[in-house]
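Reader: I am new to this structure and would like to be guided through it by questions and answers. Could the account begin once the sequence and structure are in view?

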Amino acid sequence: MSHWDLYRPSFLAIALGGTILAFGWGIKTPLLPRPTVAAFTFPEKIPLSRWKQISSTPLVPPNSTKIIPIASKAYQYRSSRGLILNIQMRYLNASKADIPNLLNEYTTIPSSPKISHQPGIGAIALITHKDRLYLSACINPEGPTTATADQYLRTKLTTGKNLDWFLAWLGGRANLLDQRCLWSHLSVSPRSPIETLETQKTLQAAWKDWFEWWKINFPSQDQT
């Protein structure tokens, strides 16, 4: 008999006891206020390698949207080659952050993106519409970027779980799942059809730099 066989009943008993305690605490304290996400304001200026920022302006959500952003901002940049890059940022707290659905709600772009994966970053949605290139993805507090509801939920279930989070959840200071994400929607137009492939590479390079900046500067998880 191995050492694990000797100690397994004790480990199982502890795990079961912890589960019962968690549910018992939830039943005993039903009036604890549901934690909310702290307010956030997007910065006016964000550096982006090889691009010069032109402007930053507020974004107004459409009246029909089901998901109201905590904060939103539009940024515009110009490259040395004269390309204009538009970036729309929306800070969401949603159970489902599905890029095709978000595009339906917030834009007039047909929601048939090609889902691709970038090593070290995660999933992105790529769209070409009316000679304009689009890249859309959700940056999460932890884990890879996501583009579909399944990817989003899987990331939420497998990241950010530790003892501090568990104790905060028991005390009503944290949500069961951290449902925050930064929906990043980038777009650029090639100067001519023959430059489409090169412009696509330029767009993905800009996205990589954008992603790296926000992974360091993701909004605080402090909740009230």
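Author: One term is needed at the outset: a contact means heavy atoms within 4.5 Å. The model discussed here is a predicted one.

Reader: What is the mean pLDDT of the protein chain?
Author: The pLDDT expresses the predictor's confidence in each residue, from 0 to 100. In the protein chain, 74% of the residues reach 70 or more. Over residues 15–34, however, the pLDDT is below 50, and this stretch has 11 contacts in the model beyond near neighbours in sequence. For the protein chain, the mean pLDDT is 81.

Reader: In what order do the elements of the protein chain run from the N terminus on?
Author: The secondary structure of the protein chain comprises 5 helices and 7 strands. From the N terminus on, the order of these elements is α-β-β-β-α-β-β-β-α-α-β-α.

Reader: Which strands are the edge strands of the sheet?
Author: The sheet is open and has 7 strands with antiparallel pairing, in the order β1-β2-β3-β7-β6-β5-β4. An edge strand pairs on one side only, and the strands that do so are β1 (51–57) and β4 (114–118).

Reader: Which residue in β3 is the bridge partner of Lys-73?
Author: Strand β2 (residues 71–79) and strand β3 (residues 84–93) run antiparallel and are joined by 8 bridges. Within β3, the partner of Lys-73 is Met-89.

Reader: Which residue in β7 is the bridge partner of Ala-137?
Author: Strand β7 pairs with β3 in the antiparallel sense over 9 bridges, and there Gln-88 stands opposite His-185. With β6, strand β7 pairs in the antiparallel sense over 7 bridges. The partner of Ala-137 in β7 is Ser-184.

Reader: How many of the residues of β7 are buried?
Author: Arg-180, Leu-182, Ser-184, Leu-186 and Val-188 point one way from β7, while Cys-181, Trp-183, His-185 and Ser-187 point the other way, and all are buried. Cys-181, for instance, has 0% relative accessibility. Across the protein chain of 224 residues, 42% count as buried. In β7, the number of buried residues is 9 of 9.

Reader: At about what angle does helix α3 run to β7?
Author: Helix α2 (residues 99–106) packs on the sheet, where it touches β3, β5 (122–129), β6 (132–139) and β7 (180–188), and its direction makes about 70° with that of β7. Helix α3 (residues 149–158) lies across β4, β5 and β7. The angle between helix α3 and β7 is about 140°.

Reader: Is Trp-210 buried or exposed?
Author: Trp-210 lies in helix α5 (residues 196–216). Leaving aside neighbours within four places in sequence, its contacts are Ile-46, Leu-48, Tyr-75, Tyr-77, Ile-87, Met-89 and Ser-184. Because its relative accessible area is 0%, Trp-210 counts as buried.

Reader: With which side chain does that of Gln-118 form a polar contact of 3.0 Å?
Author: Gln-118 lies in strand β4 and counts as buried because its relative accessibility is 13%. Not counting residues up to four places away in sequence, Gln-118 touches Ile-124, Gln-204 and Trp-207. The polar contact of 3.0 Å joins the side chain of Gln-118 to that of Gln-204.

Reader: Why does Lys-130 count as exposed?
Author: Lys-130 is found in the loop between β5 and β6, and its phi is positive, near 55°. A residue counts as exposed over 50% relative accessible area. Lys-130 therefore counts as exposed, with a relative accessibility of 72%.

Reader: How many disulfides does the structure hold?
Author: A disulfide is a pair of cysteine sulfur atoms within 2.5 Å. Cys-138 counts as buried because its relative accessibility is 0%. The number of disulfides in the structure is 0.

Terms used. Residues numbered from 1 in each chain as written. Predicted model: local features only at pLDDT ≥ 70, side-chain atom pairs only at ≥ 80, totals over all residues. Heavy atoms only, no water. Buried < 20%, exposed > 50% of the residue type's maximum accessible area, 1.4 Å probe, protein only. Pairing = 2+ DSSP bridges. Helix = DSSP H or I, 4+ residues; strand = E, 2+ residues; numbered from the N terminus. Axes fitted to C-alpha atoms, helices over the stretch in contact; angles between N-to-C directions. Polar contact = N/O pair within 3.5 Å; in protein donor to acceptor, adjacent residues only side chain to side chain.
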